[in-house]
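Please look through the sequence and the model before reading on.

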Amino acid sequence: MRLLLVRHGESVDNVAGLYAGSRDSSLTNHGVLQAKRLGAHIATRSSSMGSVRHLFASNLQRAYQTAEAIADACRSQDGNSTVTLDVIRVEELGEKDFGLSEGKKFGARQTDDGSESPESMRFRVDRFLDHHLGPVVDQLLAEDATVVVVSHGIILNVLLKALLSRYPSKPASSSEMTERHSVEYLASWSNTGVLQACFEFSESNSSPQLQSTRVIHMVVEHTNNLDHLQGLKKTRGGIGSARFDSRQRTMDSFFTSTSKKRKMDDAKK
């Protein structure tokens with residue numbers, strides 16, 4: 001089984017340089033393109049890393065809209081598959097709450113702003129592992145399957161640290177992540193950056209008299225992978241950084257609909 005930890009696409013508050021934890025900042029037009037690129041990339045790799053079986057996301061729109069783009073691409077790739085892939089929104093995956101600093105410019109935080117504590121974030125993450133991801137790992141461990149979690153930069157680091165505590169790397173393949181376990185931020189995530197990990201298990205038998213137990217290990221394979229964004233450039237003139245509006249028609253859809261209308265008119269003649 002493989003696990004993909006994904007940060008959401010570019011948001012309006014990202015562009016503005018604002019602290020946005022619990023603020024429900026929407027994706028920009030560029031952020032939507034990033035999410036669609038990521039979705040297509042994951043869908044086309046299903047043959048090599050297994051199809052996406054579960055998709056979890058924060059309940060903030062910048063995360064679950066990114067997750068929906070992944071789900072849409074996977075459904076299209078499956079074609080006639082009867083397997084449904086729904087985005088499961090989980091409140092525990094929300095970003096750190098910056099308290100009174102929410103919406104303020106980077107660098108303008110107050111010393112005592114009531115921001116969420118590391119202990120509170122870890123409690124949320126452990127609850128997500130206990131009730132959602134943990135059971136899925138137990139179920140799919142030996143299968144050729146992928147699980148995707150779409151969330152936010154800070155809480156993803158808390159989740160990564162909790163995962164490495166619960167599923168340590170094998171001693172012989174100790175990763176840099178395990179060695180840096182005491183560091184606050186184990187990895188970095190750009191918008192739609194992907195951390196890829198695989199789960200393996202081994203039999204542990206410390207004594208001949210005791211029954212062997214299964215030990216699950218997590219091995220980090222890639223961090224902040226952005227292969228899906230190669231060649232993608234932000235639209236100039238502020239359009240790319242603007243808030244995405246699903247009611248807007250793209251240039252492609254405009255010309256497509258115009259072409260269809262012309263064909264219908266020709267058929268009537």
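**Helix packing and a threonine**

The crossing of helices α5 and α6 is right-handed (the near helix is turned clockwise from the far one by less than a right angle). The model is predicted: local features need pLDDT of at least 70, side-chain atom pairs count only at pLDDT 80 or more, and totals for chains, interfaces and linings use all residues. Residues are numbered from 1 along each chain as its sequence is written, and side-chain values use heavy atoms, with hydrogens and water left out.

**α5 and α6**

- Helix α5 spans residues 118-140 and helix α6 residues 153-166; they pack at about 60°, with axes 9 Å apart.
- α5 and α6 are therefore oblique to each other (oblique is what remains after under 35 degrees, roughly parallel, over 145, roughly antiparallel, and 65 to 115, roughly perpendicular).
- The contact (heavy atoms within 4.5 Å) includes Met 121, Val 125 and Leu 129 of α5 and Ile 155, Val 158 and Leu 159 of α6.
- Its residues divide into 11 nonpolar, 1 polar and 6 charged.

**Thr 66**

- Thr 66 lies in helix α4, residues 61-78.
- Thr 66 counts as buried (under 20% relative accessible area) because its relative accessibility is 0%.
- The side chain of Thr 66 reaches the backbone nitrogen of Gly 9 at 3.1 Å, and a polar atom of that side chain lies 2.7 Å from the backbone oxygen of Arg 62.
- Leaving aside neighbours within four places in sequence, Thr 66 is in contact with His 8, Gly 9, Leu 27, Ala 35, Gln 61 and Val 150.

Key: Axes are lines fitted to C-alpha atoms, for helices over the stretch in contact, and angles run from 0 to 180 degrees between N-to-C directions. Helices (H or I, at least four residues) and strands (E, at least two) are DSSP runs, numbered from the N terminus. Ala, Val, Leu, Ile, Met, Phe, Trp, Tyr, Cys and Pro count as nonpolar, Asp, Glu, Lys and Arg as charged, and the others, Gly among them, as polar. Buried means under 20% relative accessible area, exposed over 50%, partly exposed in between (1.4 Å probe, protein chains only). A polar contact is a pair of N or O atoms within 3.5 Å; within protein, one must be able to donate a hydrogen and the other to accept it, and residues adjacent in sequence count only if both atoms are side-chain atoms.
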